[in-house]
Amino acid sequence: MDGLATGQCLCGAVTFRVTGEFESFFLCHCSRCRKDSGSAHAANLFSSTAQLAWLSGEDAISEFRLPGSRHVKCFCSNCGSALPVPPADDGLLLVPAGSLDSPIPIRPDAHIFVSDRADWDDDLASLAKFEGLPGADARSGE
C-alpha cells in the first residue's frame, strides 16, 4: 500500500481514511469471526503504526465487545457493515478488508483458527463460478 486507504460502510454514512502500512492480513475462521462476519471467515488487516481518521458518520458507529474476551466489532448502526476497530491496549488497528474502497496490495498471510472452521468450508475452490447470481429468475434480485 502507498500509505493511504479509504473506505466506507454499505450505506455510505460512515467514511474513513487509514494512513500508514498494513503489516498483516489474516483470514480468521474462529467461531466468533464467523458469527460476526456471517461467512466462512473474517478477512482483517492489521497495523501497529497506521492512523485511522473518521471522515464522516462517526456518530453512526456502534461497538460490540464480547464479555470475557478481546473480541471487538465496530459497525455502522444504520446498515450493519463492519468497520475498523481503533487501536486498543495491544496497539493494533484492525480494518475489515471488505470495508476498503482502495486496492489492497498485500495478499492474506494465512488462514488462522482453521481447527474452528465451518464444516462446509472445504474444497470451495472446486465449486462452480458465476459472474452474478445463477439462473434467469435470480437476475432481478441484486
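## Surface and overall build

The accessible surface of the chain comes to about 9,000 Å². Carbon and sulfur atoms hold 51% of that surface. This is a predicted model. The C-alpha trace spans about 45 × 35 × 35 Å along its principal axes. The chain has 142 residues, and 32% of them count as buried.

Read from the N terminus, the order is β-β-β-α-β-β-β-β-β-β-β.

## Aromatic pairs

The whole structure holds two aromatic pairs. In one of them, the ring centres of Phe16 and Trp54 lie 6.0 Å apart. Their planes stand at 75°, so this pair is edge-to-face. Phe16 sits in strand β2 (residues 15–19), and Trp54 sits in strand β5 (residues 51–56). The two residues are 38 residues apart, and the pair links distant parts of the chain. Phe16 and Trp54 are both buried.

Phe26 and Phe46 form a tilted pair. Here the distance is 6.1 Å centre to centre, with 50° between the planes. Phe26 belongs to strand β3 (residues 24–28) and Phe46 to strand β4 (residues 42–47), so the pair ties together parts 20 residues apart in sequence. Phe26 is partly exposed, at 25% relative accessibility. Phe46 is buried, with a relative accessible area of 18%.

## Salt bridges

Side chains of opposite charge can pair when their charged atoms come close. The count here is two salt bridges. Arg65 bridges to Glu63, with the closest N and O atoms 2.8 Å apart. Arg65 is partly exposed at 48% relative accessibility. Glu63 is also partly exposed, at 46%.

The side chains of Asp122 and Arg117 form a salt bridge at 3.3 Å, N to O. Arg117 has a relative accessible area of 35%, so this residue counts as partly exposed.

## Cysteines

How many disulfides does a search of the whole structure find? The search finds zero. Cys74 shows why: its sulfur is 12 Å from the closest cysteine sulfur, in Cys76, which is too far for a bond. Cys74 is also buried, at 3% relative accessibility.

Cys79 is in no disulfide either. For Cys79, the nearest cysteine sulfur is that of Cys76, 3.8 Å away. A disulfide needs the two sulfur atoms within 2.5 Å. Cys79 counts as partly exposed, at 29% relative accessibility.

## A nonpolar surface patch

Trp120, Leu124 and Leu127 make a nonpolar surface patch of about 320 Å². Trp120 lies in the segment after β10 (110–112). At 51% relative accessibility, Trp120 counts as exposed, because the exposed class begins over 50%.

Terms used
Residues are numbered from 1 along each chain as its sequence is written. This is a predicted model: local features need pLDDT of at least 70, side-chain atom pairs count only at pLDDT 80 or more; totals for chains, interfaces and linings use all residues. Side-chain values use heavy atoms; hydrogens and water are left out. A salt bridge is a side-chain nitrogen of Lys or Arg within 4 Å of a carboxyl oxygen of Asp or Glu. Buried means under 20% relative accessible area, exposed over 50%, partly exposed in between (1.4 Å probe, protein chains only). Patches are made of residues with over 30% relative accessible area and no salt bridge: like charges are joined within 9 Å, nonpolar side chains (Val, Leu, Ile, Met, Phe, Trp, Tyr) within 5 Å. Accessible areas come from the Shrake-Rupley method with a 1.4 Å probe; for residues, only the protein chains shown count as cover. Helices (H or I, at least four residues) and strands (E, at least two) are DSSP runs, numbered from the N terminus. Rings of Phe, Tyr and Trp (its six-membered ring) pair if their centres lie within 6.5 Å; planes under 30 degrees apart count as stacked, over 60 as edge-to-face and the rest as tilted.
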